[in-house]
Amino acid sequence: MKKRFVLRNVKRVSGEAIDIVIEEGSIAGVTNAGSGQGEHVIDYSGVYVSSGWIDLHVHAFPEFDPYGDEIDEIGVKLGVTTIVDAGSCGADRMADLVTSKERAKTNLFAFLNISRIGLQRVDELSNLDWINKEKVIQAVNEYKETIVGLKARISKSVVCDNGLEPLRIAREFSSETSLPLMVHIGSAPPSIEEVVPLLEKGDVITHYLNGKENNLFDDEGKPLQVLIDAIERGVHLDVGHGNASFSFKVAEAAKRNHIGLNTISTDIYRKNRLNGPVYSMANVLSKFLHLGYSLEEVIAAVTTHAANWLDKPELGRIKVGDMANLTLFTVQDDPNTLIDSEGDKRVAERRIEAKGVIVNGELIEC
Ligand SMILES: [Zn+2]
């Protein structure tokens, strides 16, 4: 890797063409197209640039099969410079996730599962003995650099007979640690009308566009009052597409009702990457472009919005002096079929494709 190089003729999502000069890992200049100076110039005419994509919900702990994957397979190789593991690990295994983070190129943060066993089993909140306050606090203190929130999966198959109790405990841990919650929603019980009121400003609802029985919209596609109230309070909505949690019908209802996009995340792991319906961040972004959101809105949902939620604004902007974390991508006119978690299909006219990243100053092509 050259110490100084120029990304020539890259386009911002606004369409403005620029050069970006990278030196010693940092953004050294953002200039008019054609005027960036450096011995090593790479022409990216026709290619878009944004700050590096951030995926707020992934599973990056390969040992937990099937809900795991290698960090860089779901990170830089898919155009994503920063991933946030969504509670694959609880206190028992967080040390191992942090170790593998050190070997990877992709930046990684994590939600700590309030269950010490994490996704070692998929009913991790069915036994309250697996929820241990001391362990949570210890892990949070030890891995401050990595842990950005607490994860609680509040759906029937995870909590079994425990109902809302794990969420009440999560709420208490959240105030003890001053960390927000990411709450996975899904099948009842507990009912969504009981779950959502327990969430506060800064907490994240992941899977908000799921099409299961217990979802956030009524039979006519109108948002439930609990959702409207949650948005008012400042609860953050995250897509978390996954195997079972993204429905075109629900997403179309959200769009019709002007529910704004906060963050688009994939809930990706090996199986839904290789076999779909997730495949990649670019595939998920293409779905939102097809839904009628503008390219600016779609890209903001994986850059500025995610960076602001993380309280790391430098990850969501292109600014001289910052470490260079950028994503290069194209938007092609290329009719293609997209599939949601319900098996519903839509034919999209355009396709977003990741071309490469600059991650902490290093260029990696996809
Ligand atoms: Zn997940």
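**Exercise 1. Is Glu-220 buried or exposed, and where is its place in the chain?**

*Step 1.* Start with the accessibility: Glu-220 has a relative accessible area of 64%. Anything over 50% counts as exposed, so Glu-220 is exposed. Keep in mind as you go that you're working with a predicted model.

*Step 2.* Now find its place. Glu-220 sits in the loop between strand 11 (204-206) and helix 7 (225-233).

*Step 3.* Look across to Ala-253. Along the chain, Glu-220 and Ala-253 are 33 residues apart, and their C-alpha atoms are separated by 8.5 Å.

**Exercise 2. Work out which parts of the chain the salt bridge between Asp-344 and Lys-249 ties together.**

*Step 1.* Check the distance. The side chains of these two residues, Asp-344 and Lys-249, come to 3.7 Å, N to O. The cut-off for a salt bridge is 4 Å, so the pair qualifies.

*Step 2.* Place each partner. Asp-344 is in the loop between strand 13 (326-339) and strand 14 (345-359), while Lys-249 belongs to helix 8 (residues 248-256), so the pair ties together parts that are 95 residues apart in sequence.

*Step 3.* Lys-249, at 56%, is exposed, whereas Asp-344, at 22%, is partly exposed.

**Exercise 3. How many salt bridges are there, and which residues are linked in a network?**

*Step 1.* The count comes to 23 salt bridges.

*Step 2.* Pick out a few pairs. Between Arg-93 and Asp-96, the closest N and O atoms are 2.6 Å apart. Asp-96 has a relative accessible area of 33%, so call it partly exposed.

*Step 3.* Another pair is Lys-355 with Glu-353, where the closest N and O atoms are 3.0 Å apart. Lys-355 is partly exposed at 32% relative accessibility, and Glu-353 is partly exposed at 28%.

*Step 4.* For the network, bring in four residues: salt bridges link Asp-69, Glu-73, Lys-77 and Arg-273.

**Exercise 4. Describe how helix 3 and helix 5 pack, and say which residues make the contact.**

*Step 1.* Get the geometry. The axes of helix 3 (residues 133-142) and helix 5 (residues 165-177) are 11 Å apart, and the angle is about 40°.

*Step 2.* Name the arrangement. Angles under 35 degrees would be roughly parallel, and roughly perpendicular starts at 65, so helix 3 is oblique to helix 5. Their crossing is right-handed.

*Step 3.* List who touches whom. Helix 3 brings Lys-133, Val-136, Ile-137 and Val-140, and helix 5 brings Glu-172, Phe-173, Glu-176 and Thr-177.

*Step 4.* Sort the contact residues by class: you get four nonpolar, one polar and three charged.

**Exercise 5. Which residues does Arg-350 touch, not counting residues up to four places away in sequence?**

*Step 1.* Locate the residue first. Arg-350 is part of strand 14, and its relative accessibility of 37% makes it partly exposed.

*Step 2.* With the residues up to four places away left out, Arg-350 touches Ser-286, Leu-289, Val-331, Gln-332, Asp-333, Asp-334 and Asn-336.

How values were computed: Residues are numbered from 1 along each chain as its sequence is written. This is a predicted model: local features need pLDDT of at least 70, side-chain atom pairs count only at pLDDT 80 or more; totals for chains, interfaces and linings use all residues. Side-chain values use heavy atoms; hydrogens and water are left out. Buried means under 20% relative accessible area, exposed over 50%, partly exposed in between (1.4 Å probe, protein chains only). Helices (H or I, at least four residues) and strands (E, at least two) are DSSP runs, numbered from the N terminus. Axes are lines fitted to C-alpha atoms, for helices over the stretch in contact, and angles run from 0 to 180 degrees between N-to-C directions. Angles under 35 degrees count as roughly parallel, over 145 as roughly antiparallel, 65 to 115 as roughly perpendicular and the rest as oblique. A crossing is left-handed if the near helix is turned anticlockwise from the far one by less than a right angle, and right-handed if clockwise. Contact means heavy atoms within 4.5 Å. Ala, Val, Leu, Ile, Met, Phe, Trp, Tyr, Cys and Pro count as nonpolar, Asp, Glu, Lys and Arg as charged, and the others, Gly among them, as polar.
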